[in-house]
Amino acid sequence: MQYIPVIEQVFLSDKRIRLTSKILFSVWQKRRGKIPCRFCYNHIYLVKNKKAYVQIWYDAIDEANKNRDNFPEYGGYFRGGSCLGNTAVTAGLAVCALPDGFNKSHPMADAMSPTQGRDVNGTSAVQKSMSKLPSERFEMGTLLNQRLTPQMLATEEDVWRFVDYLRAFEALGNYHVQFNVIDCDTLHKAMEKPEEYKGLLVRVASYVSYFIELGEPDQLDIIHRTEQNVW
């Protein structure tokens, strides 16, 4: 990955980099050899990489908390947050294009949810991937958003399949999953004729809102989330 020397130069020479960031970089240096330095779209490698990056982040926080000189006189300690929920759209405005195909200024993935449109192997694959992450270290909690088509819950058999899905979610050690059961066609119609969809409620991130009261970027963010049609 060609940008690694650039990262090293910035962290080692730029005095404006905060101490906590330097600690994060130090931990990353120690463990980078254990992480494949390449972009791989194989499911197993992606999960392993993400888990490793999350562990590095929390290891750095633990390291920072060991030195009380890092804190102000009134005390306190650093906590790791992994829940980019309500600010996923606005946070994306500050992010440039990334090597994995992320487009400049597009919404970020909310909390532990997959990047919009990339969870293409069904919603069960999503919960299996999520279960591989060290969620026991997420001090500030997290959440997973999934959007299901109404056809997935059309019959009583489908509803019981959904119950099994939720039981599997818990058995895997996951927690806090939330759903929108709605298709893209309905959401597009609501944008075109909002007066006809005043009662349409959607789950955004950690809150519920009337769809027509959301700004267009937030509406499109929900539309661009994968429309799951298989378990």
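This is a predicted model: local features need pLDDT of at least 70, side-chain atom pairs count only at pLDDT 80 or more; totals for chains, interfaces and linings use all residues.
View 1. Strand 1 (residues 144-148) and strand 5 run parallel and are joined by 2 bridges. Within this pairing, L148 has Q228 of strand 5 as its bridge partner.

**View 2. The packing of helix 7 (residues 184-192) with helix 8 (residues 216-224).** The axes of these two helices come within 10 Å and cross at roughly 165 degrees. Angles over 145 degrees count as roughly antiparallel, and helix 7 and helix 8 are therefore roughly antiparallel to each other. The crossing of helix 7 past helix 8 is left-handed. Helix 7 contributes C184, L187, H188 and M191 to the contact, and helix 8 contributes E216, Q219, L220, I222 and I223. Classified by residue type, this contact of helix 7 with helix 8 comprises 6 nonpolar, 2 polar and 1 charged residues.

**View 3. The packing of helix 5 (residues 123-131) with helix 6 (residues 156-171).** Here the axes of helix 5 and helix 6 come within 10 Å, with a crossing angle of roughly 15 degrees. Because angles under 35 degrees count as roughly parallel, helix 5 and helix 6 are described as roughly parallel to each other. Helix 5 passes helix 6 in a crossing that is right-handed. On the helix 5 side, the contact residues are T123, S124, Q127 and M130; they meet Y165, A168 and F169 of helix 6. By class, the contact of helix 5 with helix 6 contains 4 nonpolar and 3 polar residues, with no charged residues.

**View 4. S105, a residue other than glycine with a positive phi.** The phi value of S105 is near 70 degrees. Most residues other than glycine have a negative phi. S105 is located in the loop between helix 4 (88-92) and helix 5. The relative accessibility of S105 is 28%, so this residue counts as partly exposed, a class that lies between buried, under 20%, and exposed, over 50%.

Notes
Residues are numbered from 1 along each chain as its sequence is written. Side-chain values use heavy atoms; hydrogens and water are left out. Two strands pair if DSSP finds at least two bridges between them. Helices (H or I, at least four residues) and strands (E, at least two) are DSSP runs, numbered from the N terminus. Axes are lines fitted to C-alpha atoms, for helices over the stretch in contact, and angles run from 0 to 180 degrees between N-to-C directions. Angles under 35 degrees count as roughly parallel, over 145 as roughly antiparallel, 65 to 115 as roughly perpendicular and the rest as oblique. A crossing is left-handed if the near helix is turned anticlockwise from the far one by less than a right angle, and right-handed if clockwise. Contact means heavy atoms within 4.5 Å. Ala, Val, Leu, Ile, Met, Phe, Trp, Tyr, Cys and Pro count as nonpolar, Asp, Glu, Lys and Arg as charged, and the others, Gly among them, as polar. Buried means under 20% relative accessible area, exposed over 50%, partly exposed in between (1.4 Å probe, protein chains only).
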